[in-house]
Amino acid sequence: MNCRSEVLEVTVEARQVEEAMLALLHTILLHRSTGKFHYKKEGTYSIGTVGTMDIDCDFIDFSFVRVSSEELDRVIRRAVSEFKDALGNSGSDGMGQISLEFYQKKKSRWPFSDECIPWEVWSIKVNVVNLANEQERQICREKVGEKLGEKVINVVEVINRHEYLPKMPTQSEVDNVFDTSLKDVQPYLYKITYQITDSLGTSVSTTMRRLIKDTLAL
Amino acid sequence: MDSDLSPQDKKDLDKFIKFFALKTVQVIVQARLGEKICTRSSSSPTGSDWFNLAIKDIPEVTHEAKKALAGQLPGIGRSMCVEISLKTSEGDSMELETWCLEMNEKCDKDIKVSYTVYNRLSVLLKSLLAITRVTPAYKLSRKQGHDYVILYRIYFGEVQLNGLGEGFQTVRVGVVGTPVGTVTLSCAYRTNLAFMSNRAPDEDDGGLFAGVQDSQEVCTTSFSTSPPSQVGRTEGGVVLVPAHPHAADAHLTAEHPPNTPGSSGDDDGMSQSGEGRSVSPSDPVESLNAFTRKIGAFVNKPTTQMTAANLDLPFAAFAPRGLDSEENDPMVQPPDSPACPSPLQASLHSQGSESSGQQDDFVMVDFRPAFSKDDLLPMDLGTFYREFQNPPQLASLSLHISSQSMADDLDSLPEKLALYEKNIDEFDAFVDMLQ
């Protein structure tokens with residue numbers, strides 16, 4: 001199957017990177033998470049309930065909705081924090097990209113390790129700017145808020161095309177489709193990676209990292 | 001064709017659409033209450049959470065939605081609309097957005113009702129949650145309180161977008177195909193925020209819904225979405241936002257009885273006083289009018305420091321004023337009192353009284369309250385009035401520590417009781433003295 005790829009671009013101030021990334025990643029994950037599955041006899045299952053919460057940004061005039069799961073929030077924050085640090089350490093240019101990839105696992109027989117087949121990739125390109133004075137920062141707060149609003153609308157637009165989604169798995173297959181490690185919600189299997197672009201515009205692949213546990217590499 | 005759909009599927013589909021419509025209304029109204037919404041995830045399914053989402057059901061909102069639907073379902077040509085409008089304390093109002101749940105003829109015969117349609121409706125609700133925070137009305141609704149409130153209105157029938165002004169934008173939340181049609185959810189929002197006064201001279205709200213009441217298909221009931229404590233008197237000049245939606249529940253419950261169907265929400269629609277508070281419906285209006293009206297009787301020099309702002313909004317003393325000296329005046333020992341401060345003064349002022357009184361560089365303007373004599377006593381009426389006018393806020397009333405202090409209070413209760421029991425004779429003597 002073809003992997004759907006979407007690119008979102010934002011231009012932010014250094015201190016806004018974290019919240020902007022959280023806003024977009026959480027918005028995507030909100031749509032790509034379900035309640036926990038409880039399999040019953042005869043192959044049927046029931047689905048738990050997903051709660052939501054409003055988050056206000058401190059450095060951006062923006063609020064977003066995320067799934068009520070502290071565990072998931074911690075994982076995403078850790079990833080975004082690493083990305084932010086890498087972006088900060090890269091030098092004054094501050095260009096990078098964080099990717100959220102949804103994939104399915106396909107079990108292979110030994111000695112081959114499991115395949116990860118992505119079915120949807122969201123890439124968020126970030127451009128960090130430095131602002132000279134407080135007035136510009138204030139304008140930036142509002143502008144970035146508006147831009148993020150547009151990005152949320154883009155995300156919703158893509159998701160509501162209702163294109164390919166993995167089939168609902170049987171109990172034995174559920175870990176190939178969903179991340180069942182969290183206690184309260186069940187997102188599709190995902191991984192977050194990032195790349196920092198150096199001043200020449202080429203991506204520095206040494207910074208590719210897997211931040212979330214995924215396949216068992218034998 | 002409905003004949004392609006099994007009876008069970010048809011029944012399920014109708015139920016899904018009905019509950020989807022009700023949940024849509026809940027999400028939209030709750031997003032305009034002005035508070036942050038937070039619901040918990042639950043891994044064990046309760047069976048009562050539609051679309052596997054924890055969306056609270058505010059009873060009044062459900063009631064209004066059901067009333068608007070009147071047993072029908074959104075269908076082709078029959079849309080369910082939620083209109084969000086803003087109403088200022090002066091009575092001017094403006095439509096901000098209209099959310100439309102519509103159905104068109106495009107059918108998807110092959111789709112599985114109980115499974116795919118249900119899941120897609122769930123995703124659509126999540127999208128609605130996200131989009132309701134993005135339209136301009138969200139920010140306005142978070143700031144509602146003193147100057148304006150946000151109202152909602154549910155109607156069923158034809159979509160009306162005339163009230164949104166020129167150049168309104170539309171954002172599509174999403175679509176879900178079903179065997180009987182495609183469900184679409186969208187929002188049309190105003191971009192031109194220049195104010196249009198819709199106030200009718202006689203009744204406050206009569207003008208707002210005059211046009212709509214002519215239509216047979218629409219139901220005109222209007223309710224405010226802001227919780228009771230946000231409008232009118234506030235403590236410490238801070239808008240109190242209830243931590244959970246129960247206050248909104250209670251508020252909306254209280255409002256319901258005065259509103260009969262067909263009555264176009266009068267002042268009660270905006271009233272926050274349902275919960276037994278003594279704030280009158282027109283309190284926000286009064287407190288704004290009082291800015292210009294209230295000047296002490298027989299006062300020769302109306303001083304800016306003694307406006308209603310000081311009376312109604314305790315922290316108004318910190319608002320910018322023409323004369324710096326007057327602002328400092330209430331907090332500072334007046335110059336004509338003796339060097340030795342009274343114990344009362346010392347306890348009231350946050351600044352130590354020892355340092356006060358040496359403020360000779362300030363120009364003191366005398367405040368002459370009505371009917372007072374110029375006594376030249378240490379504590380003349382004017383001084384007394386100034387000093388006791390802005391008392392520091394009671395610690396127990398301060399919101400953020402009230403929860404802590406409750407726990408502390410409970411903990412210290414046994415010790416306090418023991419102490420009181422020990423001093424029981426003292427208390428008895430005191431009581432006797434009073435009698």
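In chain B, B:Thr184 belongs to strand β5 (residues 181-189); helices (H or I, at least four residues) and strands (E, at least two) are DSSP runs, numbered from the N terminus. The model is a predicted one, in which local features need pLDDT of at least 70, side-chain atom pairs count only at pLDDT 80 or more, and totals for chains, interfaces and linings use all residues. Residues are numbered from 1 along each chain as its sequence is written, chains are lettered from A in the order in which they are written, and side-chain values use heavy atoms, with hydrogens and water left out.

With a relative accessible area of 13%, B:Thr184 is buried (buried means under 20% relative accessible area, exposed over 50%, partly exposed in between; 1.4 Å probe, protein chains only). Beyond its neighbours within four places in sequence, B:Thr184 has contacts that include B:Cys100, B:Leu101, B:Glu102 and B:Gly174, a contact being heavy atoms within 4.5 Å.

Turning to chain A, its secondary structure consists of four helices and eleven strands. Of its 218 residues, 53% are buried. Where contacts in chain A join residues at least 6 apart in sequence, 68% of them are between residues at least 24 apart.

Over all chains, 24 salt bridges were counted, each defined as a side-chain nitrogen of Lys or Arg within 4 Å of a carboxyl oxygen of Asp or Glu. One of them pairs A:Arg32 with A:Glu120, whose closest N and O atoms are 2.8 Å apart. This pair links distant parts of the chain, 88 residues apart: A:Arg32 sits in the loop between α1 (17-31) and β2 (33-35), and A:Glu120 in strand β8 (residues 115-129).

Since A:Glu71 lies in helix α2 (residues 70-89) and A:Lys183 in the loop between α4 (174-177) and β9 (185-187), the pair ties together parts that are 112 residues apart in sequence. Here A:Lys183 counts as exposed, at 63% relative accessibility.
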